[in-house]
Amino acid sequence: MGCTRIIALLSQKGGSGKTTVAMQLAAGLSLAGYQVAVADLDPQESALRWADAAAEGVPFPAAVMRLRGSADEMRRSLQAAANRVDFVVLDCPPSIEHLHTASALELCDLALVPVVPSPTDLWATRGMEKLILARMGAQSALRAALLPNRVMRTALAGDVLEVLQDFELPVLAAALSQRSAYAQSAVQGASVYELGRAALPAQEEVDRLVSAVLNQFGE
Ligand SMILES: Nc1ncnc2c1ncn2[C@@H]1O[C@H](COP(=O)(O)OP(=O)(O)O)[C@@H](O)[C@H]1O
Ligand SMILES: [Mg+2]
């Protein structure tokens with residue numbers, strides 16, 4: 001897989017936005033001219049269903065595949081399927097204990113942890129952070145960052161975002177707000193880029209996400 005970069009969306013909580021971020025990021029990278037594949041590691045298969053929803057409309061701009069097993073098994077599957085892909089985006093199950101979470105962490109070059117600015121998400125993030133930091137001890141080239149998602153302009157959200165700065169993992173220089181465009185694009189099997197001008201603020205947020213991710217790889 002030579003210079004294929006693997007990005008994993010990891011978090012212990014369901015609903016933090018792993019699938020949403022994986023799909024929007026894949027679409028954004030693809031629009032930026034990169035070859036992208038999404039691998040669905042979650043038994044709930046939301047990313048695969050997202051792409052299925054596109055079957056009758058505009059095809060989703062990145063291939064979405066099912067990926068299972070140990071890190072070695074995944075590596076083999078990716079080698080066969082993701083030939084000449086610049087980025088593989090891994091959409092992971094909402095669990096620290098799941099085998100696929102361990103596999104993803106072993107495979108990835110960049111671990112992104114979407115965090116909804118709420119106290120319960122904050123607590124769940126501590127556990128995932130610990131797991132990632134332990135992995136970074138073994139694999140020093142691993143990059144990792146927290147990504148605020150579903151951000152609303154409330155005092156509580158502001159407080160939580162401030163607390164995020166105290167985590168050992170850096171906070172990515174991007175965030176996704178709470179916007180109906182993100183939920184709506186899932187229903188249509190599209191990304192926010194296919195929703196037209198009404199989704200411009202969401203598109204700009206995903207643009208920033210793409211830049212911040214490329215920046216992590218020195219591009
Ligand atoms: N930034 C956002 N704005 C609005 N809705 C969002 C946003 N991020 C996620 N959602 C919605 O929240 C729900 C859970 O998101 P999802 O990406 O499936 O989380 P996960 O994969 O971590 O379980 C979905 O219905 C999704 O459409
Ligand atoms: Mg999901």
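Ligand 1 is surrounded by 18 residues, the closest being Lys-18, Thr-19, Thr-20, Tyr-182 and Ala-183; a residue is near a molecule if its C-beta atom, placed from the backbone, lies within 6 Å of it. This is a predicted model, in which local features need pLDDT of at least 70, side-chain atom pairs count only at pLDDT 80 or more, and totals for chains, interfaces and linings use all residues. Residues are numbered from 1 along each chain as its sequence is written, and chains are lettered from A and ligands numbered from 1 in the order in which they are written.

Two helices, α1 (18-31) and α7 (180-188), each supply at least two residues of the shell around ligand 1. Helices (H or I, at least four residues) and strands (E, at least two) are DSSP runs, numbered from the N terminus. By residue class, the shell has five nonpolar, ten polar and three charged members. Here Ala, Val, Leu, Ile, Met, Phe, Trp, Tyr, Cys and Pro count as nonpolar, Asp, Glu, Lys and Arg as charged, and the others, Gly among them, as polar.

Strand β2 (36-40) has five of five residues buried, so β2 is largely enclosed by the rest of the structure. A residue is buried if 20 or more other C-beta atoms lie within 10 Å of its own, with C-beta atoms placed from the backbone. In a regular strand the side chains alternate between the two faces of the sheet. In β2, Val-36, Val-38 and Asp-40 are buried on one side, and Ala-37 and Ala-39 on the other.

β2 runs parallel to β4, joined by five bridges, and Asp-40 stands opposite Asp-91 in β4. Strands pair if DSSP finds at least two bridges between them. Four bridges join β2 to β3, also in parallel, with Met-65 of β3 as the bridge partner of Ala-39. The chain goes from β2 through α2 to β3 in a right-handed β-α-β crossover: with the strands pointing away from the viewer, the path from the first strand over the helix to the second runs clockwise.

In helix α2 (residues 46-53), Ala-47, Trp-50 and Ala-51 are the buried residues. Seen down the axis of α2, these fall within an arc of 95 degrees, so they line one face of the helix; the arc is that of the directions from the helix axis to the C-beta atoms.

Strand β5 (residues 110-115) has five of its six residues buried. Six bridges pair β5 with β6 (residues 143-148) in the parallel sense, and Val-113 stands opposite Leu-146 in β6.

Technical notes: A residue is buried if 20 or more other C-beta atoms lie within 10 Å of its own, exposed if 12 or fewer, and partly exposed in between; C-beta atoms are placed from the backbone. Two residues are in contact if their C-beta atoms, placed from the backbone, lie within 7 Å.
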